[in-house]
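Open the model in your viewer and keep the selection panel at hand. This tour tells you what to select next and what is there.

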Protein chains: 2
Amino acid sequence: MSKNLTSRAEDYSKWYNELVVKADLAENSGVRGCMVIKPYGYAIWEKMQQALDGMFKDTGHQNVYFPLFIPKSYFSKEASHVSGFAKECAVVTHYRLKNAEDGSGIVVDENAKLEEELIVRPTSETIIWDTYRKWVQSYRDLPLLYNQWANVVRWEMRTRLFLRTAEFLWQEGHTAHATKEEAIKEAEQMMHVYADFAQRYMAVPVIKGTKSEAERFAGAEETYCIEALMQDGKALQAGTSHFLGQNFAKAFDVKFANREGQQEYVWATSWGVSTRLMGALIMTHSDDNGLVLPPALAPIQLVIVPIYKGEEQLAKLDAHVAPLIAAFKKRGVSVKYDNRDTHKPGFKFNEYELKGVPLRIAIGERDLENGTYELARRDTLTKESVAADAIYDRVDALLEEMQQSLFDRALEYQEAQTVSIDDYASFKAHMNDKGGFVLAHWDGTAETEERIQEETKATIRCIPLDAPEEEGVCIYSGKPSKHRVLFAKAY
Amino acid sequence: MSKNLTSRAEDYSKWYNELVVKADLAENSGVRGCMVIKPYGYAIWEKMQQALDGMFKDTGHQNVYFPLFIPKSYFSKEASHVSGFAKECAVVTHYRLKNAEDGSGIVVDENAKLEEELIVRPTSETIIWDTYRKWVQSYRDLPLLYNQWANVVRWEMRTRLFLRTAEFLWQEGHTAHATKEEAIKEAEQMMHVYADFAQRYMAVPVIKGTKSEAERFAGAEETYCIEALMQDGKALQAGTSHFLGQNFAKAFDVKFANREGQQEYVWATSWGVSTRLMGALIMTHSDDNGLVLPPALAPIQLVIVPIYKGEEQLAKLDAHVAPLIAAFKKRGVSVKYDNRDTHKPGFKFNEYELKGVPLRIAIGERDLENGTYELARRDTLTKESVAADAIYDRVDALLEEMQQSLFDRALEYQEAQTVSIDDYASFKAHMNDKGGFVLAHWDGTAETEERIQEETKATIRCIPLDAPEEEGVCIYSGKPSKHRVLFAKAY
């Protein structure tokens, strides 16, 4: 197949949009802002889900399921949450359709109007805390460590596949604790879990930190986040974990009797990652030839393509490859043999390059005679000849090597694109010309943050966890500052 | 814990409702008709999902994800589908909320009215076939063998946890084929997959068959189903698989070029099972002591409860049990050690009985001395003493035995409750007094079917696949009939 993919240098944004569609990951649907996740894209998402779900369970969490709909009045209960979330929402007002009297089709039955409108969940804190009230009486009932995999809807005006869609898939963890310390520890733990997942599975290096007040989740006292840097120098927030204090417990009256028998409000966290991670994965590693997938998340890790003339040669290759496939599968390698007779090898090579399959074996009659295979790797586009008896070990080694090398390359890029800047003119110029991460001093006020955003489009991505104490002055206001924060333009 | 569970004999329906809540499976939410699936209930559902998903993939299917919302106009396109599905639906009419001008809370922003209303999917044929039009051009693009795990909403007026809820979780397979034969084969295959799952994992015996025209899915040419019989003599439809003919392809103009280059409409199937299976699972096996779970779907297969006095004894037992747990886990047994000091052993025994944990080991100081364990099984409530060195094999054997014995018991019940009846008076009396499955002759008309339902509340559950050819006369009309069909009152 011919790729016809716009290059990154030419138009990064166009490259991304084309790649998502051409690599068969997702496409826009007939419903404004909602995507269809195609089999190949969904297979990657399933691998992400599986790894994350295992990590959540290893840290003591269980899955649950709460309703899709939230009564409108629930949103009014937590003051800051309402302004953050109850705005651009899908609102269900009726529960019946009927045939139009003039025979023109179906219409909404005005007699079936809900007494109270239902909101399609944009996030589930409100309905979950309304339920936790019934589940928590005593300190013995705590902690509640629950997570749900669900779809949510936020009526975004400008949407892009995976990065910003009206409906998206995610997981949302919602935990309840007896003490503030325990809740903070949980919120921090989940940030670390997300970072670990991003780095080990996605091969995406991230900066861990906390959000400025202006960037915090609506209703949170602290938002922890992981931030990744894309190849165009823009940051992407890849996961957030919130310490919610007692805000939702107070809003929904969730109290518990402590060991001394006194009533206290419960402490909360919530944390989530979404199909947006697909965007981060795609944009971190892929190139002008198409997708590049880390082996840990690749639905197909190895593709085998026969090179042949005529049915007889193909039959011979089929017979030779069958035990090879069985052996790879047994070793846990996810392998595909593409012996479609409707497409030429060159077409197939292009297709699997576009789809980011990490390794490819091409095998023809001459290879059979020589006892070798031609093994190609997707990230470097290099080829090597491997002796037949060494192929299994070599494939294992290369898959491991690629996983590490994709991470190393991305980390090298991120480090190269992270600079410290101390004056505002340079800051503006840098944001305008190069982008990337900029470590700069900030006076800690929302006013300065807003001005900088207005003038440069850069936002504070986070206050890095490991930011060293350092006397300095705010690049914008010149007021004193104790540590640098991380600025970038962001998705 | 004290169970306080209504007995089945006293009030079967009340028993079920109480059990679902007391066994911590699910509860009603603050949103009319929508349930909260609690961690223990969700863990069972996850086990079901995992097994089914594996079976779908083994039969060549891949997962995808289509939008939650469907434009209203899509429903008008398939004539019979609209009357079946586009009625009791949640309708999204607006996409924004705002603060009320009088400060009374939040209200729907009337300026944010959708041009076309969106329906929360009650099932996804319409949006999927609208998309398949773009995915299918040639016979080379076929078949499409896709499935999605999703939530759907049908505005049911009378709801019951798991059995009938406004929102429920399910999977829906949607396949596209080049020929009628292939599509029929697919629909039949998925009925067999569902039956296999129900029998092997849920230990629920089912009758396979096809639906009468009146009971068919809206838009289907044939509906295959599996029907189970609950302990109160009522049937429960546990899964359906539909041969949709070319109805959706014609409605959404999905054509392909066949090998001869001619344009043909594509053939379709769809098939689904839902959280309703949880209801079937609960009602088939459970008893007046609570839930009884088949080992294959039990989140906890074995619970170990220490019997002790004082911390010293407990510490000794803890130390003894640790390697036991590790060994069980290694053997793939999902085991829980409940050494909570806040509850007495009797309370714990009751709790795990209520939750249907298949096996329980109680272990005290005397057992340590004797080198034995007391092993209790949930289904028969019997206990045995097992020598310490035989415990692993015995647990494995018992788990296997229970899985089989639950199925055998349920099958025995189903067979005992299935009778052939040849006159309408007996039929009416039987349906009124005993219920169960009744095999009877039917003249094949919708009129007769409707009358029988009006007069007896029994419906035709299915025309069994294995119904032998047999000359007879319809119990209602006396007209000739060629085989018996399966009647029952149903959930």
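Two strands pair if DSSP finds at least two bridges between them. Helices (H or I, at least four residues) and strands (E, at least two) are DSSP runs, numbered from the N terminus. Residues are numbered from 1 along each chain as its sequence is written, with chains lettered from A and ligands numbered from 1 in the order in which they are written. This is a predicted model: local features need pLDDT of at least 70, side-chain atom pairs count only at pLDDT 80 or more, and totals for chains, interfaces and linings use all residues.

**Stop 1: chain A as a whole**

Select chain A. It has 14 helices and 27 strands. Its C-alpha atoms fill a box of roughly 80 × 70 × 55 Å, taken along the principal axes. Of its 491 residues, 47% count as buried. A residue is buried if 20 or more other C-beta atoms lie within 10 Å of its own, exposed if 12 or fewer, and partly exposed in between, with C-beta atoms placed from the backbone.

**Stop 2: strand S23 of chain A**

Select residues 437-441 of chain A, which form strand S23. Four of the five residues in S23(A) are buried. Which residue of S23(A) is the bridge partner of A:Val419? It is A:Val438.

Show helix H13 (residues 424-433) of chain A as well. S22(A), H13(A) and S23(A) make a right-handed β-α-β unit. Right-handed means that, with the strands pointing away from the viewer, the path from the first strand over the helix to the second runs clockwise.

S27(A) runs antiparallel to S23(A), joined by four bridges. Here A:Val438 has A:Phe487 as its bridge partner.

**Stop 3: a sheet in chain B**

Move to chain B. Five strands form an open sheet in the order S18-S17-S19-S20-S21, with mixed pairing. Strands S18 (335-337) and S21 (383-387) of chain B stand at the edges; each has a single partner strand, so one side of each is left without a neighbour in the sheet. Neighbouring strands of this sheet are turned by 25° against each other on average, direction ignored.

Select strand S20 (residues 372-377) of chain B. S20(B) and S21(B) pair in the antiparallel sense over five bridges. Zoom in on B:Leu375, which stands opposite B:Glu384 in S21(B).

**Stop 4: where the chains meet**

Show both chains. The contact takes 54 residues from chain B and 54 residues from chain A. Two residues are in contact if their C-beta atoms, placed from the backbone, lie within 7 Å. 100% of the interface residues of chain B are also interface residues in chain A, so the copies meet through the same surface.

Select strand S5 (residues 91-94) in each chain. S5(A) and S5(B) pair in the antiparallel sense over three bridges. A:Val91 stands opposite B:His94 in S5(B).

**Stop 5: the axis**

Chain B can be laid on chain A with an RMSD of 0.0 Å by a turn of 180° and a shift of 0.0 Å along the axis. The two copies are thus related as by a two-fold rotation axis. In chain B, the C-alpha nearest the axis is that of B:Val92, 2.1 Å from it. Copies are superposed by least squares on the C-alpha atoms of residues with pLDDT of at least 70 in both.

Notes:
Axes are lines fitted to C-alpha atoms, for helices over the stretch in contact, and angles run from 0 to 180 degrees between N-to-C directions.
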